[in-house]
Amino acid sequence: MRICVFLSAADLDDRYTRPARDFAKLIGKGGHSLVWGGSDTGLMKVVADGVQEAGGKLTGVSVGFLAHKARPGADEMVIAADLAERKRLLLEKSDAVVIMVGGTGTLDEATEILELKKHGHTDKPVVLLNTAGFYDGLKQQFRRMEAEGFLPRPLSELVFFAEEPAAALTYLEADPSAR
């Protein structure tokens, strides 16, 4: 399975890096590939290192203005012209999506995949990995959107909330649309 991971390129503390490293190792040991933003910095580097060390393959999709941060030695590295093309390529090259901790870029990527899924333009499974309760507020907001009628589909059809890396991968491996 080619697993796209949306996440930060920032340097973060152990409460975020340790679970990210654990998830990366699960990807690699499971024989899966990582599709990610291509950066060789911060949390993106942690995940790419973990996947590669565990035997998984790396497909990076960077963008022109960040190409200087692209990871050397990835199995494939594409440089997109802009952020819109980058998001499109990340989704095209993947079978499933995991949203990990991140900032506005990660939130942008997350809401785009959920919007596509909401309207039936993709059936890829999406997992929100809620490391250290990072997305508790977002989960609450999504649940309010569902309760108040803003979502035309049940939230459970759009995204699976996982609290631990193993639960995220177990969910993806059980989903037949992720093949």
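**Close-up 1. Arg2 and Asp95 are joined by a salt bridge.** In this predicted model, the closest N and O atoms of Arg2 and Asp95 are 2.9 Å apart.

**Close-up 2. A salt bridge connects the side chains of Asp40 and Arg71.** The distance from N to O in this pair is 2.9 Å. Asp40 is found in the loop between β2 (33-36) and α2 (42-53), and Arg71 in the loop between β3 (57-63) and β4 (76-80), so that parts lying 31 residues apart in sequence are tied together. Asp40 has a relative accessibility of 23% and counts as partly exposed, while Arg71, with 9%, counts as buried.

**Close-up 3. Asp40 and Arg71 belong to a network of salt bridges.** Lys45 and Asp49 are linked in this network together with Asp40 and Arg71.

**Close-up 4. Glu157 and Arg153 meet through their side chains in a salt bridge.** Here the distance from N to O is 3.1 Å. Glu157 is partly exposed, with a relative accessibility of 38%, and Arg153 likewise counts as partly exposed, with a value of 24%. For the model as a whole, the count comes to 15 salt bridges.

Note on methods
Residues numbered from 1 in each chain as written. Predicted model: local features only at pLDDT ≥ 70, side-chain atom pairs only at ≥ 80, totals over all residues. Heavy atoms only, no water. Salt bridge = Lys/Arg side-chain N within 4 Å of Asp/Glu carboxyl O. Helix = DSSP H or I, 4+ residues; strand = E, 2+ residues; numbered from the N terminus. Buried < 20%, exposed > 50% of the residue type's maximum accessible area, 1.4 Å probe, protein only.
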